[in-house]
Amino acid sequence: MEDHLKSYTQSEKKCFSTKFISIFVSSLFLVFILFHIQYSSPFDFTLSATSQRWAFLSQENNSDVIETMTAELKDSVTFLPLTDLRFRETATTGHTWFMSSLNDTLEENEAEHLYFPSKASKGRLLCFKGRDIRDGTKNSYALAWREGLPDSAILLEGLTFVSDTYYDHQNLWHGLSAMAPLVRWSMKNECLKPSRWVLFHWGELRLRMGSWIQQLMQANFGEVKVEGFDRGDVPYCFEKAIVTRHDLGQMRQDTKLKVFDLLRCKARSYCGLNPAGKGRELNERGFPIIRLTLLMRRASRSFKNATAVTGIFAKECARVEGCILHVVQSEDLSFCGQVKVLTNTDIVASPHGAQLTNMLFMDRESSVMEFFPKGWLENAGPGQYAHHWMANQSGMKHQGAWWDSIGEECPSPQDHLQCFHFHKDGMVGHNETYFADWARRIIHQVKLSKVEQASVDQANKQQNDSKACVC
């Protein structure tokens with residue numbers, strides 16, 4: 001009896017030991033999966049490798065343990081607000097409200113970005129929940145392994161471009177500034193194209209881009225699909241996602257030029273334009289053709305007396321043989337209409353406004369003249385130089401600006417913000433003497449440049465232009 005009891009006890013211990021070892025080994029594999037996924041770049045990572053490990057484990061006799069751990073893994077996914085008000089006071093000095101627990105990937109001469117899944121995310125996918133268009137704190141994000149996605153989550157396959165910005169995706173200049181980093185990332189990564197776009201503004205979901213920026217992106221990437229998360233109030237997770245939270249940021253000048261060259265080339269192709277030979281056009285008497293465009297706008301920041309301004313520029317253009325003046329209303333032009341007008345422009349003169357973003361479509365070294373209402377110089381801050389920055393980024397010559405000094409006075413001159421709002425939508429006057437001298441000088445500069453261009457190897461120029469459409 002004693003021997004039998006002893007044998008039974010040993011057998012029970014052996015059985016317990018076997019179960020313990022089996023569970024221990026399974027747990028060890030799980031830990032290995034979660035914390036030791038290694039690869040050299042975002043594109044080396046394949047979800048199938050992890051799936052194979054899980055398939056191996058599922059073949060073991062520990063399915064209950066694995067199911068329990070998987071359930072716990074799903075429950076452990078933590079969603080955080082896209083707009084984190086803890087950083088309200090420091091968002092502009094080192095923090096960002098959008099996905100504030102994550103740091104950008106910084107590469108020399110490239111825009112800051114985040115990529116999922118990646119080594120930085122430990123192989124986890126990006127997930128969003130919520131579609132509030134007014135309060136970013138009600139929208140949230142989380143990271144999760146594919147095998148442990150939250151219950152009811154919808155997995156969106158392919159590559160997703162995610163853009164959050166303080167800018168407005170409806171505005172031409174704002175939208176271009178927000179999208180340019182994504183264009184650059186695509187150029188650097190084999191011209192990859194997104195399956196969809198997700199847009200946020202201060203963490204608030206946006207369901208569309210402005211028509212101008214959407215057509216520009218369509219020219220570059222093909223169909224543009226903006227995701228609205230309209231398949232239920234559930235988490236949405238992305239097989240692959242690139243996230244940008246800044247504008248052109250850390251990119252050097254030469255890289256910015258490549259981005260704008262690509263967009264210019266793609267837009268011209270999209271609109272059926274072939275600018276071959278442009279820059280060496282001559283009239284019947286052999287003088288170089290200079291195309292001067294007055295790009296007008298209505299309502300706020302339009303000219304008080306557009307007829308007088310047109311007369312000044314027409315008179316100065318007529319003094320120079322080969323100079324042709326076009327006066328166009330920006331609001332009346334389609335996207336391709338704007339591309340065509342600015343492609344055939346050497347000098348654009350326009351009041352400050354989003355329509356000046358169309359300078360993108362002019363040839364490099366073209367000239368820009370800008371006009372402001374009263375009060376902007378004193379109260380508008382650095383934002384009034386936006387088109388000066390863009391001219392530099394896109395290879396244009398910003399030939400200065402004129403600030404109107406005549407008009408109503410701000411009732412609270414010590415309050416710059418209030419004065420800016422007071423003057424923001426003012427109209428632009430004119431100074432006949434200044435405008436005439438300024439126009440005469442710029443037209444003369446462009447004429448000399450055109451003469452010099454005639455001796456340049458045009459075949460080499462066209463070859464360089466063709467390289468711009470590399471993607």
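# Exercises on a predicted model

Of the protein's 471 residues, 48% count as buried.

## Exercise 1: Confidence

Work out where the model should not be read in detail.

*Solution.* 
- Step 1: look at the whole protein. The average pLDDT is 85, and 79% of the residues score at least 70.

## Exercise 2: The overall fold

Count the helices and strands, then find out how far along the sequence contacts reach.

*Solution.* 
- Step 1: the count gives 13 helices and 13 strands.
- Step 2: take the contacts between residues at least 6 apart in sequence. Of these, 76% join residues at least 24 apart.
- Step 3: Alanine 436 and phenylalanine 313 are 123 residues apart in sequence, yet their C-alpha atoms are 6.9 Å apart in space.

## Exercise 3: A walk along helix 4

Describe helix 4 from start to finish, including any bend.

*Solution.* 
- Step 1: begin at the N-terminal end. Asparagine 171 caps it, with a side-chain oxygen 2.9 Å from the backbone nitrogen of tryptophan 173.
- Step 2: check the length. The helix covers residues 172-188, so that's 17 residues, and its first and last C-alpha atoms are 24 Å apart, close to the 24 Å expected at 1.5 Å a residue.
- Step 3: look for a bend. There's one of about 30 degrees at methionine 179, and proline 181 follows within four residues.
- Step 4: step off the end. Just after the helix, glutamate 190 takes a positive phi of about 60 degrees.

## Exercise 4: The largest nonpolar core

Which element gives the largest share of this core?

*Solution.* 
- Step 1: get to know the core. It has 50 residues, and Trp197, Leu216 and Met217 touch the most other members.
- Step 2: list elements that give two or more residues. Among them are strand 5 (154-165), helix 4, strand 6 (196-201) and helix 5 (211-221). Helix 6 (253-270), helix 8 (335-343) and helix 10 (386-394) are on that list too.
- Step 3: Helix 4 gives the largest share, 9 residues.

## Exercise 5: Three residues

Are serine 366, threonine 343 and alanine 436 buried or exposed? Say what each one touches or contacts.

*Solution.* 
- Step 1: serine 366 is in the loop between strand 11 (347-351) and strand 12 (367-372). Its relative accessibility is 5%, so it counts as buried. The serine 366 side chain reaches the backbone oxygen of aspartate 363 at 2.7 Å. Setting aside residues up to four places away in sequence, serine 366 touches Thr345, Asp346, Met396 and Lys397.
- Step 2: threonine 343 belongs to helix 8. With a relative accessible area of 3%, threonine 343 is buried. Its side chain makes a polar contact with the side chain of arginine 268, at 3.3 Å.
- Step 3: alanine 436 is part of helix 12 (residues 432-453). Its relative accessible area is 11%, which is under the 20% cut-off, so alanine 436 is buried. Ignoring neighbours within four places, alanine 436 is in contact with Ile312 and Glu316.

How values were computed. Residues are numbered from 1 along each chain as its sequence is written. This is a predicted model: local features need pLDDT of at least 70, side-chain atom pairs count only at pLDDT 80 or more; totals for chains, interfaces and linings use all residues. Side-chain values use heavy atoms; hydrogens and water are left out. The bend at a residue is the angle between axes fitted to the seven residues ending there and the seven starting there. A polar contact is a pair of N or O atoms within 3.5 Å; within protein, one must be able to donate a hydrogen and the other to accept it, and residues adjacent in sequence count only if both atoms are side-chain atoms. Buried means under 20% relative accessible area, exposed over 50%, partly exposed in between (1.4 Å probe, protein chains only). Contact means heavy atoms within 4.5 Å. pLDDT is the predictor's confidence in each residue, from 0 to 100. A nonpolar core is a set of buried Ala, Val, Leu, Ile, Met, Phe, Trp, Tyr and Cys residues joined through side-chain atoms within 4.5 Å.
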